[in-house]
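Good morning, and thank you for coming. I would like to walk you through one structure, part by part, and I ask that you keep it in view while I speak.

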Amino acid sequence: MYKAATVARYTHDPAGFKVAELPRPALSSATQVEITVHAAALNPIDFKRAEGMLSIALPEPFPLKLGYDVAGVVSEVGSEVSRFSVGDRVYGRVHAEHAGTIAEYVVAEESALAPIPASVGFEAAAAVPLAGLTAKQALEAGGLQEGQTLFVSGGMGGVGMFALALAKHHFGAKEIITTVSSKKRDGALAMGATRVVDYAQEDYTHVLADTADVALDTVGDSAFYKVIKPNGSAVSVAMLPDGDALDHFRQEAVPLSFMGSVKLAVAKSVVNCAGWFLTRGFRAKNVKYSFVVLRCDGEDLEKTFNPLLESGKLVPLISNSYEFTDEGLCSAFTESRAGHATGKIIIKVK
Ligand SMILES: NC(=O)c1ccc[n+]([C@@H]2O[C@H](COP(=O)([O-])OP(=O)(O)OC[C@H]3O[C@@H](n4cnc5c(N)ncnc54)[C@H](OP(=O)(O)O)[C@@H]3O)[C@@H](O)[C@H]2O)c1
């Protein structure tokens, strides 16, 4: 048996997040490793799944195990694992079928993992994978080039802070503009922003109109097209997902019943129609728009983030670290659902 963070049913109540005793997971293929978890990070998808927001595409088994981001030590390896050995410190965003990283142990494909640089602690490492890879893949999808101007909404959230740092140190953007509330201004500048707009004080769509070559939305505001130059490029990770995004969740999930498949087909038509309506402003400016869904990729994690972490160019901000107890989970999910974290929320498992 082992301890894992769970909900027993769909719930909006942070007190419903509990540490439960469950059968310990076992390796099911030769390419997997078991990790003894030291730290795990929360992401909004954890409370969204717990609330049932993804249930059309992703029917959940209960008790539902929570957490995608992990940092820990390899405690068992499958016979075909080539990149890691028992005792190695690793971090990664596990595939959906292995979700449940807020736990004493987790099984993961080695392809989802990267080695933790020697100078980096478990909590900092756990902060990176899901939000960091999302930022990287979104900026790639937006086609951000050296010397360009980037707009990122919510630059002090999980995805936002990695987007600022990557835009500066990896993509070589010239101007990096973001929206944060006033107390987060200095943090955003330190993370890589060159210009900060307080979204609570000013209408950012007005003061930044037509300034960005590429824009990344992390808060779900469809008006962000207004800051993009005509013929520019827009990416969102937080607006309404499109049908392809629902399919992406689908592929990683358990089989659907016949009625479940019908409901999913209807949902895809609905979100595609709603998305067409929401993005009419983008089309009017000939702005290319895409919704990005993260792909797990341990090698990209290593190639992109390890040099930045080792050099100290990227120091992930930790909003708060909580204990692996019922009280700790309740506080952590309360903070995550409030949507005003500065950087990442961590559970200290070991
Ligand atoms: N598509 C994907 O694959 C994918 C992957 C990762 C995340 N996501 C989604 O992306 C969104 C962001 O994720 P996250 O991990 O970055 O969330 P997060 O860390 O919870 O974001 C919190 C941040 O958002 C800021 N914020 C809230 N409202 C804002 C507004 N109107 N304007 C500017 N900033 C605002 C808050 O700053 P203040 O305190 O200043 O308000 C806070 O710093 C979530 O909806 C998540 O589900 C999608």
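Predicted model: local features only at pLDDT ≥ 70, side-chain atom pairs only at ≥ 80, totals over all residues.

I begin with S153, which lies in strand β9, residues 149-153. Residues are numbered from 1 along each chain as its sequence is written, and side-chain values use heavy atoms, with hydrogens and water left out. Helices (H or I, at least four residues) and strands (E, at least two) are DSSP runs, numbered from the N terminus.

Is S153 buried or exposed? S153 is buried, with a relative accessible area of 2%. Here buried means under 20% relative accessible area, exposed means over 50%, and partly exposed lies in between, using a 1.4 Å probe and protein chains only. Contact means heavy atoms within 4.5 Å. Apart from neighbours within four places in sequence, S153 is in contact with T178, T179, L216, D217, T218 and V219. With one of these, D217, there is a polar contact between the two side chains, at 3.4 Å. A polar contact is a pair of N or O atoms within 3.5 Å; within protein, one must be able to donate a hydrogen and the other to accept it, and residues adjacent in sequence count only if both atoms are side-chain atoms. From C-alpha to C-alpha, S153 and V196 are 10.0 Å apart in space, and they are 43 residues apart in sequence.

D213 is buried, at a relative accessible area of 19%. Its side chain reaches the backbone nitrogen of T149 at 2.7 Å. Not counting residues up to four places away in sequence, D213 touches Q148, T149, I228, K229, G232 and S233.

Q148, one of those residues, sits in the loop between α3 and β9. Q148 is partly exposed, with a relative accessible area of 21%. The side chain of Q148 reaches the backbone nitrogen of Q145 at 2.9 Å. Leaving aside neighbours within four places in sequence, its contacts include A173, K174, E175 and D213. Q148 and E175 are 27 residues apart in sequence, yet their C-alpha atoms are 6.7 Å apart.

Let us now look at a helix. Helix α11, residues 326-338, has 13 residues and reaches 18 Å from its first C-alpha to its last, close to the 18 Å expected at 1.5 Å a residue. That expected span is 1.5 Å times one less than the number of residues. Which residues of α11 are buried? They are G328, L329, A332, F333, E335 and S336. These residues cover an arc of only 155 degrees around the axis, which puts them on the same side of α11. The arc is that of the directions from the helix axis to the C-beta atoms. In general, an α-helix has 3.6 residues a turn, so residues three or four places apart point the same way. What covers the buried residues of α11 includes β1 (2-7), β2 (18-22), α1 (44-51), β15 (318-323) and β16 (344-348). Just after α11, G339 takes a positive phi of about 75 degrees.

The model also holds a ligand. It is surrounded by 24 residues, the closest being K48, S181, K184, Y199 and A341; a residue is near a molecule if one of its heavy atoms lies within 4 Å of it. An oxygen atom of the ligand is 2.8 Å from a polar backbone atom of G158, and an oxygen atom of the ligand is 2.9 Å from a polar backbone atom of L294. The protein covers 84% of the 930 Å² of accessible area that the ligand has on its own. Such areas come from the Shrake-Rupley method with a 1.4 Å probe; for residues, only the protein chains shown count as cover.

I close with some backbone details. Most residues other than glycine have a negative phi, and most peptide bonds are trans. The peptide bond from F62 to P63, however, is cis, with omega near 0 degrees. D210 has a positive phi, near 60 degrees, and is partly exposed at 42% relative accessible area. N286 also has a positive phi, of about 55 degrees, and counts as exposed at 52% relative accessibility.
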